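Q: Please show the model first, so that its features can then be read one at a time.

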Amino acid sequence: MSESTETVEQQPDPDPVMAEIGRGMELGRRGERDAARGVFTGVWDRLGADGDPFHICALAHSMADVQDDPREELVWDLRALEAADLVSDERARRAGVVSPVAAFYPSLHLNLGDVYRRLGELEPAREHLARGLGAVGALGDDGYGQLIRGGLDRLAERLEAPGASSD
């Protein structure tokens, strides 16, 4: 019997912070927004504003999604964008992310554009739409990429429609 010389790609060690964020995301997907906010608040309390930017980006992006007040959503969306600027591709790779950090930006800008639109702040909404569209080249041609591209297209339509700030 000969020994295999194939290289096996090692999976990153489980990240307990990301596991907790994932638990909050699952609660949010099930409509348990209060419970999700509770999980995310606990993670934020442990991380703080000076924590690992990768964790902060993931947490803030997820926390924004479960806010009932669009102003609070905006705070978390801005926090996610700021943290993304500090994440290296190497750090993302260590967390198991296969795409470059550049692929984070279309979604971040989509969320910011949409919340600014809902707040009636159309100029920043259009700016984030343009930035999101400018970054779509970093997305893969997969379900996630299609989801984000579709979201940006819908945001563009909403911003062109009369009464753009209402849903």
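**Reading burial, salt bridges, core and pocket**

Q: Is Asp68 buried or exposed?

A: Asp68 is exposed, with a relative accessible area of 58% (buried means under 20%, exposed over 50%, and partly exposed in between, with a 1.4 Å probe and protein chains only). This is a predicted model, in which local features need pLDDT of at least 70 and side-chain atom pairs pLDDT 80 or more, while totals for chains, interfaces and linings use all residues. Residues are numbered from 1 along each chain as its sequence is written, and side-chain values use heavy atoms, without hydrogens and water.

Q: With which residue does Asp68 form a salt bridge?

A: A salt bridge is a side-chain nitrogen of Lys or Arg within 4 Å of a carboxyl oxygen of Asp or Glu. The partner of Asp68 is Arg37, with 3.4 Å between the closest N and O atoms. This pair joins distant parts of the chain, for Asp68 lies in the loop between H3 and H4 and Arg37 in helix H2, 31 residues apart (helices are DSSP runs of H or I, at least four residues, numbered from the N terminus). Arg37 counts as buried, at 16% relative accessibility. Arg37 also meets Asp34 in a salt bridge of 2.1 Å, N to O; both lie in helix H2, 3 residues apart. Arg33, Asp34, Arg37 and Asp68 are linked in a network of salt bridges.

Q: Which residues have the most contacts inside the largest nonpolar core?

A: In soluble globular proteins, nonpolar side chains tend to be buried together. A nonpolar core is a set of buried Ala, Val, Leu, Ile, Met, Phe, Trp, Tyr and Cys residues joined through side-chain atoms within 4.5 Å. The largest one here has 44 residues, and Phe40, Leu59, Phe104, Tyr105 and Leu108 have the most contacts inside it. Helix H3 gives the largest share of this core, 8 residues. Beyond its neighbours within four places in sequence, Leu59 is in contact (heavy atoms within 4.5 Å) with Ile21, Phe40, Val43, Trp44 and Leu47.

Q: Which residues lie nearest the centre of the largest pocket?

A: A pocket is an open set of points on a 1 Å grid over the protein atoms alone, with protein on both sides within 12 Å along at least five of seven lines; lining residues have an atom within 4 Å of a point. The largest pocket is lined by 30 residues, and Met25, His61, Phe104, Ser107 and Tyr144 lie nearest its centre. Helices H1, H2, H3, H6 and H8 each supply at least two residues of this lining.

How values were computed
On a 1 Å grid over the protein atoms alone, a cavity is a set of points where a 1.4 Å probe fits but cannot get out, and a pocket is an open set with protein on both sides within 12 Å along at least five of seven lines; lining residues have an atom within 4 Å of a point.
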